[in-house]
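Hi there,

Here is the structure I promised to pass on. Have a look at it first, and then read my notes below.

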Amino acid sequence: MDGPTNPMVTPLLTDLYQFTMAYAYWKAGKHNDRAVFDLYFRKNPFGGEFTVFAGLEECIKLIANFKLTEEEISFICETLPGSCEEGFVKYLRNIDCSDVEVYAISEGTVVFPKVPLLRVEGPVAVVQLLETPVLNLVNFASLVATNAARHRLVAGKSKMLLEFGLRRAQGPDGAISASKYCYIGGFDATRWFSNNVAAGRLFGIPLRGTHSHAFVSSFMSPDEILERSLHRSDGSSTCEDFVSLVQSWLSKIQWAKALGNTVGETNQSELAAFTSYALAFPNNFLALVDTYDVMRSGVPNFCAVALALNDLGYKSVGIRLDSGDLAYLSGEARKIFQIIEKEFGLPGFGKTSITASNDLNEETLDALNKQGHEVDCYGIGTYLVTCYAQAALGCVFKLVEINNQPRIKLSEDVSKVGERILCRHPFNESKRAYVVPQRVEELLKCYWPGKSGKVREELPALKDIRDHCIKQLEQMRPDHIRRLNPTPYKVSVSAKLYDFIHFLWLNEAPVGEL
């Protein structure tokens with residue numbers, strides 16, 4: 001199995017105290033004690049009532065390739081306080097995860113607080129060395145996937161969502177990870193003009209994009225365009241002067257009675273930029289129309305170039321709005337597209353795609369929905385990839401069993417379909433109800449069997465994880481996933497497990513003396 005996507009994810013990506021504890025375990029002869037750890041979180045992020053589990057694939061890749069190099073071992077021994085015995089050095093040389101077992105919920109599953117997402121079993125020293133990197137790989141992944149899912153829910157199923165976050169992300173790894181996990185959470189693509197070609201190559205995420213304001217500003221006039229010819233889409237002939245064809249269409253638009261006085265003189269440097277971009281990408285012409293004036297210049301110039309491309313058999317992608325009143329501007333642009341469709345007999349032109357960007361977040365999308373708009377696609381960056389509304393998920397990695405002796409337990413064997421069971425709130429003794437399960441699903445599957453001989457669950461493709469996440473969200477009750485004041489999702493335990501948990505707590509809690 002290939003290693004983790006980020007080459008920095010090695011056995012050294014951990015806290016020093018994991019190695020000091022490993023040394024102490026070894027000194028005490030406890031390093032091979034069989035331990036079980038559960039990874040879970042305590043509270044859903046963003047004030048919501050659900051979380052999307054992500055990061056499992058990277059965890060398994062780490063575990064499959066967990067091996068210390070001689071250089072790393074030397075560094076560890078130099079770093080540990082006091083002297084490092086040769087026996088421990090030999091132990092470190094032989095460490096791997098062949099005796100480790102990993103059970104996990106499927107990546108992309110909707111999960112809830114205190115439910116184990118990942119269970120790691122193995123020699124206590126080795127499993128503790130996995131604690132920090134595994135938490136690192138799951139915490140941000142699940143947080144950003146959940147953030148993406150929340151944006152998808154507000155935007156609606158019909159809108160295209162583009163992740164625009166590379167330049168604002170927390171470093172290169174934050175950007176690459178965000179692209180991957182936003183895709184899992186329901187985004188359609190990552191933006192190729194600035195974000196994130198690397199993620200597209202690594203994960204096969206679709207790339208979408210356009211040009212920047214700087215590209216538009218760099219042109220002075222159409223006279224700068226030296227190569228003016230463009231082949232028809234079917235290759236049957238060549239338009240020798242595409243620039244003149246664009247100018248002729250602009251003139252028709254300006255004289256169109258149906259448009260009244262809405263179109264006058266447009267910015268010719270902007271027109272030159274659009275024309276040049278269309279010559280380079282006739283099949284992917286999407287224009288940023290707000291560099292100068294959206295309605296007086298940007299939209300008419302786009303339409304002139306789009307209609308010229310249409311003459312040669314090409315279909316333009318649409319426009320992007322990156323500033324201003326997005327609800328109003330999208331509506332006015334749509335009106336012009338519909339008038340041009342009717343005026344020049346161009347079926348489908350009225351449905352030309354409109355993309356909106358510019359520091360969008362959940363609240364902005366919600367406000368646009370309430371105002372009414374004509375936006376088809378959203379480009380979302382800063383608030384998405386930085387998880388601006390919440391900095392961290394707060395997953396924990398807790399010892400639940402050592403040498404078959406439970407220290408705490410959050411799950412047990414599953415019940416059976418049709419078998420009546422008493423379910424209880426884990427911490428509120430008055431909340432309980434009888435339930436007859438209609439469907440029973442084993443949540444924890446074996447993704448790394450070690451040398452146990454158990455069948456290993458295959459890691460699914462990224463698109464399959466995304467499809468699973470979307471299906472999971474579709475199965476949720478609307479009131480559980482609404483943006484504001486969602487209804488808490490009830491997670492219960494059986495009466496047997498409830499009694500066991502509380503017995504452990506009472507046994508372990510110290511008794512005071514007055």
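To talk about holes in the protein, we need a term: on a 1 Å grid over the protein atoms alone, a cavity is a set of points where a 1.4 Å probe fits but cannot get out, and its lining residues have an atom within 4 Å of a point. The model is predicted, so local features need pLDDT of at least 70 and side-chain atom pairs pLDDT 80 or more, while totals for chains, interfaces and linings use all residues. Residues are numbered from 1 along each chain as its sequence is written, and side-chain values use heavy atoms, leaving out hydrogens and water.

So, what lines the largest cavity? Leu56, Glu57, Glu107, Tyr447, Leu459, Pro460 and Ile465 do. That makes five nonpolar, no polar and two charged residues (Ala, Val, Leu, Ile, Met, Phe, Trp, Tyr, Cys and Pro count as nonpolar, Asp, Glu, Lys and Arg as charged, and the others, Gly among them, as polar).

Next, two helices (DSSP runs of H or I, at least four residues, numbered from the N terminus). In helix 1, Phe19, Ala22, Tyr23 and Trp26 touch Gly87, Phe88, Tyr91 and Leu92 of helix 4 (contact means heavy atoms within 4.5 Å). Seven residues of this contact are nonpolar, one is polar and none is charged.

Another pair is helix 2 with helix 5: Glu58, Cys59, Leu62 and Ile63 in helix 2 meet Leu130, Pro133, Val134, Leu137 and Val138 in helix 5. Here the classes are eight nonpolar, no polar and one charged. Helix 2 and helix 5 are roughly antiparallel to each other (that is, at an angle over 145 degrees, taken between N-to-C directions on a scale from 0 to 180 degrees, with axes fitted to C-alpha atoms over the stretch in contact).

Cheers

Key:
Parallel < 35°, antiparallel > 145°, perpendicular 65-115°, else oblique. 1 Å grid on protein atoms, 1.4 Å probe; cavity = no way out; pocket = protein on both sides within 12 Å on 5 of 7 lines; lining within 4 Å.
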